[in-house]
Amino acid sequence: TNRGESEQTIAVVGAGLVGCLAAAAFKKKGYNVTLFELRDDPSKEAKRENLRSINLAVSDRGIDAMKYVDEKLADEVMKKTIPMKGRMIHDASGLKQESQVYGLFGEHINSIDRSYLNDVLLEHLKNIGVEVLFKHKFLGVHFKHNGKPILTFRDLATQNENHLQKEYDFVVGSDGAYSRFRYQLQKTMKMNVAQEYIDMNYLELRIPAGPQGQFMIDPNHLHIWPRHKFMLIALANKDGSFTSTFFAPSAVFASLKAPQDFSSFVQKHFPDAYQLIGKKDLEQSFDANPVCSLMQVRSYPYHNPQGNCVIIGDAAHSMVPFYGQGMNCGFEDVRVLMELIDANGGDIYKATKAYSDARKDDLDAICKLALDNYHEMSSKVTSVGYLFKKRIDYFLGKYCNGRFFQWLPLYTMISFRADVPYSRAIQIAKRQDRILNLIQLSSVSAVVIFAAAKWSHAIHKLTSK
Ligand code: FAD
């Protein structure tokens, strides 16, 4: 709904992917929106072409939310994506690759350049007249006697010691996993926050394009080199290269002291990736790129008692990246909040209060699922039992999709069915998993009985001779 009449002022803190979409969504509803961002305007940054290209997977929940905000915006974003129809599993010898498709009917997730996505969102904000104030560092929030939030910022461009203070009707905190807004808001209310580091670090690498700018491995797959305790993944970029990420526990990183240790490690465990990246680039990346840590943040409630502040995206729920849902889920936050504003007749405060209840189970569910999926990506994808169950899951999903009975594999529900809430998807998957276990057990029993029958038949033949 586009009301276009509201004079209410909204501040969005943090112009990351989620903050930008939130600002666009509020503007479309007619609010007077200002977006504050710590960093400089990316379009003004010099030597952008030298920046590492970092990509991520956008799937149906993210696309749906962008379409909800603006169909044309979603089209613009999707112009530069690369479809990934499945996982490509690279074995330890470096000689074999196996495709495991994601969708039952050709559905796919999409690789997109993070900075391209950010640029398109910022350009859209410019076009629709949202005021974006870069180099504005959010410092604190306090509340007037009438309950209205007053935000304090430092203008980093002028280095003015006088802080900027401004009152708003409503504030959205979308300043990422280490959210200062969340921290400051938490001081004014009872908000539970749990932050947990995962014993898994990551290092970004790059598989270069071939001599003619061509892809050296299939661009339409998410490549995985699963090695149980650690793994390598790669997603294609439009220029023929791949952004690759090496995930490993701290102990593995600690054992790799020098760049040469790292290139030898890659040569031993990921021989085909070693050929693709090359010793020199591996060592250079090890030297130059940071080893980053992974953490999970969960908070509750997401709003303050007055209903005039809310946290969304990573500020409210930072998850590990193994289901490729962090941003998709943050975009979904925006859609859910907007739908609640509509459902509450445009009363933003009522909507915010309803938001925490509406969202808690789903956010808890996806954070847990993201954590569990590391095991699936790094180990289970190579196990015979898992592959057998996956085949049956796929078969049932493909052929049992009538009006009265529908089988939906978990991956399909999370990545391709934005209409199935995360928590509902887990409930359905648990029920289906019990059936899959029964099928697996009966298949194993049938094989054992068949083998035993054959064996006793052979014994009988031998002894009766
Ligand atoms: P951020 O992107 O962190 O943006 C926060 C913004 O707030 C930043 O611009 C920051 O500069 C600004 N800010 C911070 N502090 C202040 C302040 N004091 N004042 C003003 N501004 C401030 N998600 C997916 O959906 N698919 C994927 O494939 C995927 N892959 C991932 C791979 C890796 C390795 C990682 C680490 C994450 C991945 N994610 C993925 C998750 C995704 O990156 C995040 O969920 C998403 O970026 C969150 O967006 P956000 O806008 O909430 O936060």
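I began with the term itself: on a 1 Å grid over the protein atoms alone, a pocket is an open set of points with protein on both sides within 12 Å along at least five of seven lines, and its lining residues have an atom within 4 Å of a point. A volume is the space filled by probe spheres set on the points, which are joined across faces, edges and corners.

I noted that this is a predicted model, in which local features need pLDDT of at least 70 and side-chain atom pairs count only at pLDDT 80 or more, while totals for chains, interfaces and linings use all residues. Residues are numbered from 1 along each chain as its sequence is written, and side-chain values use heavy atoms, with hydrogens and water left out.

**Second largest pocket**

I looked up the second largest pocket and found about 750 Å³ of space in it. Its lining has 26 residues, and Glu376, Lys380, Leu410, Ala429 and Asp433 lie nearest the centre. By class I recorded 10 nonpolar, five polar and 11 charged residues, where Ala, Val, Leu, Ile, Met, Phe, Trp, Tyr, Cys and Pro count as nonpolar, Asp, Glu, Lys and Arg as charged, and the others, Gly among them, as polar. At least two lining residues come from each of helices H11 (348-378), H12 (384-399), H13 (410-416) and H14 (422-463), with H11 giving the most, eight residues; helices here are DSSP runs (H or I, at least four residues) and strands likewise (E, at least two), numbered from the N terminus. The pocket lies between domain 1 (9-78 + 113-194 + 299-374) and domain 3 (383-454), because both give residues to its lining.

**Largest cavity**

I then turned to cavities, sets of points where a 1.4 Å probe fits but cannot get out, and found one of 30 Å³ or more. The largest cavity is lined by Arg298, Ser299, Tyr302, Ala316, His317, Leu363, Asp364 and Cys367. Strand S17 (291-300) and H11 are the elements that give two or more residues to this lining, and H11 has the largest share, three residues.

**Nonpolar cores**

I last looked up the nonpolar cores, sets of buried (under 20% relative accessible area, 1.4 Å probe, protein chains only) Ala, Val, Leu, Ile, Met, Phe, Trp, Tyr and Cys residues joined through side-chain atoms within 4.5 Å. The largest has 106 residues, and Phe26, Leu151 and Phe181 have the most contacts inside it. H11 supplies the largest share of this core, 11 residues. Apart from it lies another core of 26 residues, including Trp225 and Val266.

How values were computed:
Domain bounds come from an automatic or database domain assignment. Buried means under 20% relative accessible area, exposed over 50%, partly exposed in between (1.4 Å probe, protein chains only).
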